[in-house]
Amino acid sequence: MTTVLDGILDGVLADLAQRQSEVPLAELRSRVADTPPARDPLPGFRADGVSIIAEVKRRSPSKGALADIPDPAKLAAEYAAGGAAAISVLTEQRRFGGSLADLDAVRAEVSVPLLRKDFIVTPYQLWEARAHGADLALLMVVSLAGDQLGELYGLARELGLTPLVEAHTEEEVARAAEIGAQVIGINARDLTTLAVDQSVFGRLAPLIPAGAVRVAESGVAGPDDVAAYHRQGADVVLVGEALVKSGDPREAITKFRAV
């Protein structure tokens, strides 16, 4: 049975093939050699209270268009001014309306750590992430079979990237723990169906090894949701839709951090 995620990955791989035909891996390697070292997000993630990863997100498969973001750099600057510990930039084009150009624009504007948020399933995409200034890269356990997860995790670390390893089930948390992930995200959204269940974080957070940063993802509409995730053990909460639709993202982040 074909899932929503399968369809997304088909598009991701088609777009990836086009980029690979235009930019050889050797060129990416050369760019990475000239790129300043990646920033370490862990001190910010481990600070007292709850930290926020603020997302630059134009649309989503579940909600469609969320916000017109003509200037992602300006939005990112508001996020940074509000105290975001990191900024997530969607780079998937077909379903989320993002691009690597957005990542470039945000990197040129802010100094906080940046997460490349995409469906990363190949080494090439990690080289892209670092070449375009990302400090973190999303690795979704659900989309990485067999040894893929460990291999991509290892390459990310070699490149200086901090992997955010995302899980949605007990088995996926176990796989994240097995490879020694330092930052583990629990996504309340099931990417195979797009259904959201906020209780998933509370169920799975206790399974995350001590010492790893616990990130809650999806299902945040306001400060109450951030507070609930924090009470259940979240060190960090990733917020997209609630920020891009808030009208005042700087103030919204300030309120989220004050819970």
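Student: Which helix do Arg31 and Glu27 both lie in, and how many residues apart are they?

Tutor: They both sit in helix 2 (residues 25–33), four residues apart, which is about one turn of the helix. Keep in mind as we go that this is a predicted model. The general idea first: an α-helix has 3.6 residues a turn, so residues three or four places apart point the same way. Here, Arg31 and Glu27 form a salt bridge, with their closest N and O atoms 2.7 Å apart. Arg31 counts as partly exposed at 32% relative accessibility, and Glu27 is partly exposed too, at 34%.

Student: How many salt bridges does the structure hold?

Tutor: Side chains of opposite charge can pair when their charged atoms come close. In this model there are 14 salt bridges. Let's take one that spans the chain: the side chains of Arg19 and Glu128 meet at 2.6 Å, N to O. Arg19 belongs to helix 1 (residues 4–22) and Glu128 to helix 6, so this pair ties together parts that are 109 residues apart in sequence.

Student: Where do the partners of the salt bridge between Asp135 and Arg107 lie?

Tutor: Start with the geometry: the closest N and O atoms of Asp135 and Arg107 are 2.7 Å apart. The pair links distant parts of the chain, with Asp135 in the loop between helix 6 and strand 6 (136–140) and Arg107 in helix 5, 28 residues apart. Asp135 and Arg107 are both buried.

Student: Now the rings. How many aromatic pairs are there?

Tutor: A pair of aromatic rings is described by the distance of the centres and the angle of the planes. The count in this model comes to two. One is Phe96 with Phe119, a tilted pair at 6.0 Å centre to centre and 35° between the planes. Phe96 is in the loop between strand 4 (86–90) and helix 5 (100–109), and Phe119 is in the loop between strand 5 (114–117) and helix 6 (123–131), so the pair ties together parts 23 residues apart in sequence. Phe96 and Phe119 are both buried.

Then there's Phe201 with Tyr229, which is edge-to-face: 5.5 Å between centres and 70° between planes. That pair also links distant parts of the chain, with Phe201 in helix 9 (residues 199–204) and Tyr229 in helix 10 (residues 223–231), 28 residues apart. Phe201 is buried at 1% relative accessible area, and Tyr229 is buried at 3%.

Student: Which residues touch the most other members of the largest nonpolar core?

Tutor: In soluble globular proteins, nonpolar side chains tend to be buried together. The largest core here has 92 residues, and Phe45, Tyr79, Ile87, Leu126, Ile186 and Val237 touch the most other members. Pick Ile186 and look around: leaving out residues up to four places away in sequence, its contacts include Val173, Val200, Phe201, Leu204 and Val215.

Student: Which residues of helix 12 are buried?

Tutor: In helix 12 (residues 249–257), they are Pro249, Ala252, Ile253 and Phe256. Look down the helix axis and these buried residues fall within an arc of 95°, so they line one face of the helix. They pack against strand 1 (51–56), helix 4 (72–82), helix 10, strand 10 (236–239) and helix 11 (241–244).

Student: Last one, the backbone. What is phi for Leu194 and for Ser218?

Tutor: Most residues other than glycine have a negative phi, and most peptide bonds are trans. Leu194 has a positive phi, near 75°, and Ser218 likewise has a positive phi of about 75° without being a glycine. Leu194 is in the loop between strand 8 (183–187) and helix 9, and Ser218 is in the loop between strand 9 (213–217) and helix 10. Leu194 is buried, at 15% relative accessible area. Ser218 has 19%, and since buried means under 20%, it counts as buried as well.

Note on methods: Residues are numbered from 1 along each chain as its sequence is written. This is a predicted model: local features need pLDDT of at least 70, side-chain atom pairs count only at pLDDT 80 or more; totals for chains, interfaces and linings use all residues. Side-chain values use heavy atoms; hydrogens and water are left out. A nonpolar core is a set of buried Ala, Val, Leu, Ile, Met, Phe, Trp, Tyr and Cys residues joined through side-chain atoms within 4.5 Å. Buried means under 20% relative accessible area, exposed over 50%, partly exposed in between (1.4 Å probe, protein chains only). Contact means heavy atoms within 4.5 Å. Rings of Phe, Tyr and Trp (its six-membered ring) pair if their centres lie within 6.5 Å; planes under 30 degrees apart count as stacked, over 60 as edge-to-face and the rest as tilted. Helices (H or I, at least four residues) and strands (E, at least two) are DSSP runs, numbered from the N terminus. The arc is that of the directions from the helix axis to the C-beta atoms. A salt bridge is a side-chain nitrogen of Lys or Arg within 4 Å of a carboxyl oxygen of Asp or Glu.
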